Amino acid sequence: MQLVHGMCEHKERYEPFMEFLAANGFISIIHDHRGHGESVRSAEDLGYFYEGGYTAMIDDIKAVTERVRMEHPDLPLILIGHSMGSMAVRSFAKRYDDMLSGLIVCGSPSRNSGAPVGRLIARLYALLAGKKCRPRLIKHIAFGSFNRRFRHEGSPNAWVCSDPEIVMNYDKDPLCNFQFTADGFINLFSLMQDAYSASGWQLHNPDMPVLFISGEEDPCLIDRRRFDHAVRAMRRVGYSNVQSQLYPNMRHEILNENGKKAVWNDILTFCTRIADDVRHTCPMQ
């Protein structure tokens with residue numbers, strides 16, 4: 001299992017889930033995106049993607065995948081991405097699905113028609129104030145409505161999870177609670193456009209199992225219709241085995257939610273089926 005984390009967080013937040021996978025026989029690996037966690041040269045670079053933009057983020061995923069394939073050539077490899085990472089893993093599959101045995105799209109932001117406008121505004125900020133400026137206006141436009149239903153809970157990040165301890169730790173963590181740069185927003189919106197674009201798919205593995213999972217109360221979902229649109233988009237580009245699951249009363253981080261063990265077990269079932277299929281197809285492995 002190769003994990004790809006979301007915006008404004010870091011790899012260590014996935015350790016409990018990875019320990020669960022390990023206890024059930026799965027090796028797992030995760031890296032920090034550029035501009036996140038331990039990948040930054042200094043704290044001032046949090047939310048800044050350095051050179052290469054969103055395509056370099058995809059290249060980073062590929063570098064990790066190649067390392068895993070080199071170390072474990074006989075094992076099936078399943079890629080799971082959360083939130084911003086859910087768009088990154090689709091952009092990866094768009095180019096390199098022949099490296100994968102399965103794909104899990106978790107907490108996916110639904111397609112937003114305002115992404116091109118957001119990218120234009122971010123470019124204007126970068127031009128006028130520099131790529132490392134931190135435009136609060138874009139954050140307000142893009143995410144300002146997310147916490148509206150949960151503002152009575154006292155945290156601006158309550159939309160992330162219904163577990164108060166998870167939200168409290170998120171609020172206190174400087175590697176989570178930071179403002180994206182103009183450069184970060186340019187690449188975030190570019191990534192969304194790439195992940196949802198039907199053009200440019202290099203389809204080598206059309207039978208690859210794909211699973212979409214989200215919480216029903218996740219503001220990134222926007223609504224069920226748009227979630228279903230994301231699922232259908234994968235089918236339209238040629239994947240024949242696309243499933244989806246929504247979890248009632250869960251918000252954005254379903255891997256951390258109250259009741260997360262149900263999500264973990266559903267992921268385990270999905271991955272075990274893939275492993276069993278590979279074993280039956282290639283009995284010498």
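Okay, let's start with a quick one: is Phe 227 buried or exposed? Phe 227 is buried, at 3% relative accessible area. Keep that residue in mind, since I'll come back to it. One caveat before going on: what we're looking at is a predicted model.

We have an open sheet of 6 strands, paired in parallel, and the order reads 2-1-3-4-5-6. At the edges sit strand 2, residues 29-31, and strand 6, each of which pairs on one side only. On average, neighbouring strands here are turned by 20 degrees against each other, if you ignore direction.

Now go to strand 3. How many of the 5 residues of strand 3 are buried? The count is 5 of the 5, residues 78-82, so strand 3 is largely enclosed by the rest of the structure. As a reminder, side chains in a regular strand alternate between the two faces of the sheet. Here Ile 78, Ile 80 and His 82 point one way, Leu 79 and Gly 81 point the other way, and all of them are buried.

And who are the partners of strand 3? One is strand 1, residues 2-4, which pairs with strand 3 in the parallel sense over 3 bridges; in that pairing, Gln 2 has Leu 79 as its bridge partner. If you follow the chain, strand 3, helix 3 and strand 4 make up a right-handed β-α-β unit.

Moving along to strands 5 and 6. These two pair in the parallel sense as well, over 6 bridges. Within that pairing, Gly 215 has Tyr 247 of strand 6 as its bridge partner. Helix 8 packs on the sheet, where it touches strand 4, strand 5 and strand 6, and its direction makes about 160 degrees with that of strand 6. Further along the pairing, Val 210 is opposite Val 242 in strand 6.

Okay, the core. Which residues touch the most other members of the largest nonpolar core? Leu 103, Phe 180 and Phe 212 do, out of 57 residues in that core. Quite a few elements supply at least two residues each, including helix 2 (53-71), helix 4 (115-129), strand 4 (102-106) and strand 5 (210-215). Helix 7 gives the most, with 9 residues. There's another core lying apart from this one, with 26 residues, among them Met 1, Leu 21, Leu 255 and Ile 267.

Let me zoom in on Phe 212. Beyond four places in sequence, Phe 212 has a list of contacts that includes Arg 90, Val 105, Phe 227, Met 234, Val 242 and Gln 245. Phe 212 itself counts as buried, at 0% relative accessibility.

That brings us to the aromatics. There are 12 aromatic pairs in the structure. A stacked one is Phe 185 with Phe 189, 6.0 Å centre to centre and 20 degrees between the planes. Both of those sit in helix 7, 4 residues apart, about one turn of the helix. Phe 185 is buried at 0% relative accessibility, and Phe 189 is buried as well, with 11% relative accessible area.

Then there's the pair I promised you: Phe 212 and Phe 227 are edge-to-face, at 6.4 Å centre to centre with 85 degrees between the planes. Phe 212 is in strand 5 and Phe 227 in helix 8, so this pair ties together parts that are 15 residues apart in sequence. And one more group: Phe 49, Phe 178, Phe 180, Phe 185 and Phe 189 form one aromatic cluster.

Last stop, a loop. Where does Asn 205 lie? You'll find Asn 205 in the loop between helix 7 and strand 5. Asn 205 has a relative accessible area of 18%, and because the cut-off for buried is under 20%, Asn 205 counts as buried. Setting aside neighbours within four places in sequence, Asn 205 is in contact with Asp 97, Leu 100 and Tyr 239.

That's my tour, so over to you.

How values were computed:
Residues numbered from 1 in each chain as written. Predicted model: local features only at pLDDT ≥ 70, side-chain atom pairs only at ≥ 80, totals over all residues. Heavy atoms only, no water. Core = buried A, V, L, I, M, F, W, Y, C linked by side-chain atoms within 4.5 Å. Buried < 20%, exposed > 50% of the residue type's maximum accessible area, 1.4 Å probe, protein only. Contact = heavy atoms within 4.5 Å. Pairing = 2+ DSSP bridges. Axes fitted to C-alpha atoms, helices over the stretch in contact; angles between N-to-C directions. Phe/Tyr/Trp six-rings, centres within 6.5 Å; stacked < 30°, edge-to-face > 60°. Right-handed = clockwise from strand over helix to strand, strands pointing away.
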